[in-house]
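Me: I have a structure open and would like to go through it. Can you take my questions one by one?
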Amino acid sequence: MAWFDNGWGLSLIVFLPIAGALVILLAPKKNLTAIKSFGLMFTALPVLLAAVMIARFDYGHASTFQFGTNLSWIASINARYHIGIDGISFPLLVLSTVLTLLAVIYTFNHWPEPYNPKAFMALILVLGTAMNGTFVALDLVLFFVFFELVLLPMYFMIGIWGDKTMMKVPGFKIEAETRLYAAIKFFVFTLFGSAFMLLGFLALYYRSGDFLASGARTFDIPTLIDLGSQGLFTGTFAFLVFGALFLGFAVKVPMWPLHTWLPDAHTAAPTVGSVLLAGILLKLGSYGFIRISLPILPQEAHRWAPAIAILAVIGIIYGALACLAQTDMKRLIAFSSVGHMGFVMLGISTLTVVGINAAVIGMVAHGLITGLLFFVAGSMAHRYHTREMAKLGGNQTLMPKMGAILSFTAIASLGLPGLAGFWGEFMSLVGSYNPAFGLDLGVFRTAMVFGAIGTVLTAGYMLWMLQRVNLGVPSAEWDSHALIDTDVYELTAWVPLMVLIVAVGVFPKLVFGATNGAVVALVAKAFGG
Amino acid sequence: MIDYLALAPEIIIAATAVVVLLADLWLVRKYWTAIIAVVGTTAAAIPLIVMAVSPVGDRVLFDGSYVVDPFALVMKGVFLMAGYVVLLMSFSYVESDRYYEGEYYFLLLVSILGSLVLGSARDLIGLFIGIELVASPMYVLAGFRKGDLKSNEAALKYYLLGVLASALLLYGSSFVFGLTGALTFDGIASAAGGLVHEPAFVMAVLFILAGIGFKVSAVPFHFWAPDTYEGAPTPITAYLSVSSKAAGFVALLAVVYRAFGPASATWAPVVWVMAALSMTIANLAALKQDNIVRMLAYSSISHAGFMLVPFVVAPYVGVEGLGNAVAATVTYLVIYAFMNLGAFALVIAGSRKSGSGTVDGWAGMATYAPGLAFLGAVFFFGLAGIPPLAGWFAKFVMFRAVLTAGSGWAVGLAVIAALNSVVAIYYYARVVKAMWMDPVPATVPGIEVREAAVPVPLALALGITAAIVLVVGAVPGLVTFFSDATKVLAGGG
């Protein structure tokens with residue numbers, strides 16, 4: 001298995017999906033079976049490989065990068081194909097492979113309009129490569145390329161298969177189709193952030209040359225972390241670099257006030273697009289904070305932490321209040337992501353072992369739960385042809401299984417103990433009671449209080465949604481409709497998520513077992529314990 | 001004794017041009033002139049390859065006025081490949097209307113000859129001859145669609161402003177010669193250090209910058225570009241926006257790094273302003289364009305701005321930084337060349353099928369021409385600089401070069417460039433959006449037109465450029481292998 005441990009395993013996980021996309025492009029357009037089987041094959045194989053990794057991962061040394069390789073890529077700028085996973089990226093990589101596979105399975109019976117399975121499947125697969133690649137990249141240029149690679153497939157997914165209803169374009173006196181507005185907004189916002197992120201990466205690259213014995217500059221993340229933990233990046237330079245990286249990652253997370261692309265994009269995207277967008281794409285931002293910003297620029301992270309905490313808490317409260325104002329079910333779930341990612345960012349901003357562990361498990365839980373919520377919301381919209389919660393009342397009576405799954409997921413989302421969502425919220429609040437040494441206790445404990453209020457509001461809007469959607473008497477409108485309850489493809493895609501939600505909730509060590517060692521080492525190295 | 005191998009590419013192209021012109025007199029089937037042109041262009045690449053692999057170093061001719069160094073070899077290679085793609089694009093385009101085919105290919109070859117001369121020119125006279133040789137045939141070719149008023153306008157505007165630019169260039173050159181007593185770039189460089197505070201010298205530098213600024217269509221010398229691009233035959237527009245612009249950049253690189261290297265503090269601020277204005281103004285103008293060729297015209301102006309960005313670090317950095325700046329501009333130029341050639345080849349193919357050259361006319365192309373719609377995504381998002389398409393690497397090296405200098409001015413320009421690359425996505429995405437996401441308009445021609453096969457040479461041009469854009473995006477080392485060799489221009493080699 002030496003080949004597997006020396007980069008091949010990880011490289012296959014990353015590149016199998018895009019290889020599958022190429023194969024699908026060559027397949028005849030009419031041959032649906034071929035498209036489906038290639039899609040399944042090229043997303044199932046990475047899951048299997050990831051399963052092998054779960055067995056072979058050295059949990060005792062979770063802070064070292066494993067299964068990696070480091071090869072020459074663009075020699076002239078010293079950018080390398082350096083990949084590897086540690087305890088922090090590992091759970092996210094597994095989540096990404098699993099969610100991609102489930103998205104493919106779900107799609108088998110839910111091709112969005114306009115029907116074009118070949119292109120749609122190919123885009124899911126390209127997205128898979130981009131997401132997996134971002135989690136394993138250990139070189140800033142490689143990270144940047146994968147981070148940006150998600151843009152094109154998601155742009156097309158939203159723009160072609162998205163919501164076709166008309167909307168008024170804010171700030172203009174024109175109307176446009178929601179999908180078109182949402183797609184370009186997503187693109188422009190993300191690109192805005194990542195353009196500055198790239199400048200930040202280059203600044204680090206140039207400064208690294210001043211400190212390395214060889215004088216050669218580097219994009220290598222572990223090397224930069226070593227330099228950063230020695231406190232070499234300081235002053236205005238570091239402040240600006242952190243700010244540039246912050247823009248790139250915060251747009252992606254998204255943090256208030258850079259979040260406005262999210263409700264539009266998530267609502268307009270086809271179901272699978274929303275699932276992957278909420279499930280994985282948002283994590284690319286928060287992962288960037290943990291992997292790059294914090295360890296490479298620890299002093300600046302310390303300086304920025306209160307600001308991040310405040311923005312995170314505003315996001316939590318704002319997201320919750322916005323949810324309370326929604327009438328569209330999918331839009332409500334979209335806004336709930338702003339709140340949940342607020343908890344993740346609050347955890348990160350504490351710069352503590354507890355907080356960062358909370359962030360990682362929060363990301364995994366949010367990926368599972370909100371992914372499932374979007375699946376269910378998509379399936380319901382598919383049947384009812386509306387997402388207006390006012391019309392959906394009595395869903396539990398009309399479709400008992402669908403209703404039950406929705407209730408389960410919504411309750412997981414509000415953070416019920418025993419389900420996955422609990423740990424992230426609870427521990428990030430615990431973390432902010434006692435943030436890293438030197439951080440303003442007043443700010444963080446106030447943040448904790450508001451975060452706690454946020455959990456109450458979250459419970460409020462989730463239960464209110466359940467009340468409006470699941471309970472009540474079905475409208476007479478649906479009498480003439482033949483509403484079919486969950487089908488086999490849906491259950492195949494959803495049951496694994498439900499099992500994982502319970503498993504992580506009951507036994508959080510599934511995630512902490514990998515993350516804790518890596519987080520402890522990260523915090524010790526960057527912030528001195 | 002003259003090193004004929006060093007001159008072989010120029011000789012072959014010149015001979016081919018003459019053969020094309022003579023053959024045109026006797027040949028009945030005029031498309032043979034095109035084939036002769038393609039064969040000649042291919043043949044001209046052979047001595048280039050021979051020189052590239054030969055152990056002999058730089059070949060210096062005519063007392064240093066004409067040098068074949070790695071920079072010259074790489075740029076000549078780019079010019080030949082770009083010329084080759086333009087020839088492929090021209091086949092069906094020229095056949096489809098009543099053009100004088102022989103003259104068309106003759107003039108195109110002469111212009112290619114000029115660009116080859118420019119690659120090696122290391123004195124002011126060679127520079128001027130090269131620039132004129134590139135531009136003069138283009139004045140005629142821009143007006144080749146004789147019956148079309150827009151084409152006449154294109155030629156006239158290009159001619160008048162081009163002549164003005166040449167006059168500025170010559171006038172500036174005469175001052176430089178008067179002040180330094182030298183024509184070769186190295187001779188000027190050795191005298192330039194003592195002249196940086198001489199007003200006449202500063203004025204001469206500004207004149208030369210302005211003259212070349214017209215050629216590369218940088219703001220504020222860009223006014224001819226949109227009208228000329230729109231009116232000229234599309235393959236000629238492609239040539240103007242790629243080869244002619246690249247020729248201008250080669251001239252600019254050679255002049256400012258070689259001849260005016262010691263006076264970089266004089267020209268760098270001017271270039272800063274030109275770069276910032278080109279990026280910003282052209283981008284804002286491009287947002288409003290409905291005609292795709294006009295949009296590409298503004299896009300090419302803004303790309304000229306991006307290519308000017310690395311120049312501004314010159315006063316702040318050493319030889320290594322200068323080398324990086326040269327390599328960055330060359331890398332950008334090479335990648336841009338193929339993306340833009342591809343985009344124009346797509347314009348030809350797409351306009352045939354959709355019967356329209358506007359963004360709205362291209363709506364829904366994915367339904368009847370999915371292949372072209374896919375290429376649209378490749379070329380337009382490539383131009384926008386989105387990974388995994390090659391454009392990202394062009395932008396990347398540009399940022400890398402400008403951030404070499406830690407100065408606030410350099411960082412400021414990098415920020416302006418970053419913001420502009422965000423703005424640019426909007427107008428590129430607009431075309432792709434139309435092709436993929438909008439319904440087919442009623443104006444689209446019948447099925448026999450819109451589903452007709454793309455002519456083979458045009459398909460070949462599309463295929464070559466798309467392959468390069470996709471592969472270089474994943475393996476940028478293929479371009480840096482060549483562009484790194486051009487660092488010699490900045491000295492140190």
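Reply: A definition to start with: two strands pair if DSSP finds at least two bridges between them. Helices (H or I, at least four residues) and strands (E, at least two) are DSSP runs, numbered from the N terminus. This is a predicted model, where local features need pLDDT of at least 70, side-chain atom pairs count only at pLDDT 80 or more, and totals for chains, interfaces and linings use all residues. Residues are numbered from 1 along each chain as its sequence is written, and chains are lettered from A and ligands numbered from 1 in the order in which they are written.

Me: OK, what do strand 1 and strand 2 of chain A form?
Reply: They form a hairpin, with four residues between them. In the turn, N78(A) has a positive phi of about 60 degrees. The two strands, residues 66–74 for strand 1 of chain A and 79–85 for strand 2 of chain A, run antiparallel and are joined by six bridges.

Me: Which residue is the bridge partner of N70(A)?
Reply: H82(A), in strand 2 of chain A.

Me: How many residues of strand 2 of chain A are buried?
Reply: Five of its seven. Buried means that 20 or more other C-beta atoms lie within 10 Å of the residue's own; exposed means 12 or fewer, partly exposed is in between, and C-beta atoms are placed from the backbone.

Me: Switching to V338(A): buried or exposed?
Reply: V338(A) is buried, because 26 other C-beta atoms lie within 10 Å. V338(A) belongs to helix 13 (residues 329–349) of chain A.

Me: What does V338(A) touch?
Reply: Leaving out residues up to four places away in sequence, V338(A) touches W256(A), H259(A), L262(A), G315(A), Y318(A) and G319(A). Contact means C-beta atoms, placed from the backbone, within 7 Å.

Me: Now the two chains. How many residues does each give to the contact?
Reply: Chain B gives 23 residues and chain A gives 25. On the side of chain B, helix 17 of chain B gives the most, with 10 residues.

Me: And what is chain B made of?
Reply: Chain B has 20 helices and two strands. Of its 493 residues, 63% count as buried.

Me: How confident is the predictor about chain B?
Reply: Chain B averages a pLDDT of 89, and 100% of its residues score at least 70. pLDDT is the predictor's confidence in each residue, from 0 to 100.

How values were computed. Contact = placed C-beta atoms within 7 Å.
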